[in-house]
Amino acid sequence: MAGVSYVRSQQQDEKWQLVFSDEFNQKDGSRPDTTKWVTSKRYATGWPRWVSNSRHAIFIKKGQLVCRALPNNGLEDDTARVLTSAIETSGKFSFQYGKVEVRMKTNNLRGNQSAVWMKPSIDYPKIYGEIDIAETCGDLGVIQQTVHSQQTVVLKKKTTQNSFRTKLALEKWHVYGVEWSPDKLTYTIDGKVTAVYRKSKDKQDLADGQWTFDRPFFLILSQSLGSGKYECMVPDLKKTYETRIDWIRVYQKGAAE
């Protein structure tokens, strides 16, 4: 994990070591730190269909990362109807097992799909894995914390609950977290456990890919818009959606200083 200094956290249990963080303390108008983040790729469909590197969509302000989805008024330069924002640590930082915490707030608008999540840094073999630390669901006023595996995404099977919702005032600051170990994922909001997803002990479950999380993952911060599959996820393309992130921190146990 080049470029990452291992610093003892003064706010965590002594067993945890801070291995990655961004406090977004650059000057107003700055871009996210390019030693830590890259812009996510745009694809034709799905959540990244309008991802942009526009300075209107993503920037630093008052020690916070501002991520927006907003109407595109420069269609001559970019044909996307809306400009959205997404950055990730792919190629910069990844880790296997540990704890992630992020302080975030967003607006509660229909179609809002803001998220802090993780994907595998190595996709060979091509086995699906995704850890959603916090994801909004339009204007329902809930945070969804979800575990996506080969079993749930590719085989479309679910032998245990993998998605958990918590009613919340999204426009207020909250700290969302996940603690990831070799046998479970423990979700938290404001330090309180909201859900636990465990590695199955069933051989068929494991063969189906119920647990695909024993490999390094990287971080993603995204302000996207829903696809309209559900009414709450139909976005208003004339409105501006905004998520603010105060900080994000990753800890591991027993990391060498």
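Modeller: The sheet is open and has 7 strands, in the order E3-E7-E16-E9-E10-E11-E12, with antiparallel pairing. Its edge strands are E3 (38-39) and E12 (163-167), each of which pairs on one side only. Bear in mind that this is a predicted model.

Take E9 and E10 next. E9 covers residues 112-120 and E10 covers residues 129-136. The two run antiparallel and are joined by 4 bridges. Within this pair, Val116 of E9 faces Ala134 in E10. As background, strands of a sheet pair through backbone hydrogen bonds, either parallel or antiparallel.

Follow the chain out of E10. Is Cys137 buried or exposed? Its relative accessibility is 6%, so Cys137 counts as buried. Cys137 has contacts beyond its sequence neighbours: Asn112, Val142, Gln144, Arg165, Cys232 and Met233. Met233 is 96 residues away along the chain, yet the C-alpha atoms of Cys137 and Met233 are 6.7 Å apart.

Thr84 lies between E6 (82-83) and E7 (85-88). Thr84 is buried, because its relative accessible area is 1%, under the 20% cut-off. Its side chain reaches the backbone nitrogen of Val51 at 3.3 Å. Setting aside neighbours within four places in sequence, Thr84 also touches Trp50, Ser52, Ala57, Arg68, Ala69, Gln223 and Ser224.

Two of those contacts lead back to named strands. Arg68 and Ala69 fall within E5 (residues 64-71). Gln223 and Ser224 fall within E16 (217-225).

E5 has its own partner. E4 (residues 58-61) runs antiparallel to E5, and 4 bridges join them. Lys61 stands opposite Gln64 in E5. The hairpin has 2 residues between its strands, and Lys62 there takes a positive phi near 50 degrees.

Finally, the largest pocket. Its volume is about 1300 Å³. Of its 47 lining residues, Trp47, Gln113, Tyr128, Glu130 and His148 are the closest to the centre. The elements giving two or more residues to the lining are E9, E10, E11, helix H1 (150-153) and E16. By class, the lining has 17 nonpolar, 16 polar and 14 charged residues.

How values were computed: Residues numbered from 1 in each chain as written. Predicted model: local features only at pLDDT ≥ 70, side-chain atom pairs only at ≥ 80, totals over all residues. Heavy atoms only, no water. Pairing = 2+ DSSP bridges. Buried < 20%, exposed > 50% of the residue type's maximum accessible area, 1.4 Å probe, protein only. Polar contact = N/O pair within 3.5 Å; in protein donor to acceptor, adjacent residues only side chain to side chain. Contact = heavy atoms within 4.5 Å. 1 Å grid on protein atoms, 1.4 Å probe; cavity = no way out; pocket = protein on both sides within 12 Å on 5 of 7 lines; lining within 4 Å. Points joined across faces, edges and corners; volume = space filled by probe spheres on them. Nonpolar A, V, L, I, M, F, W, Y, C, P; charged D, E, K, R; others polar.
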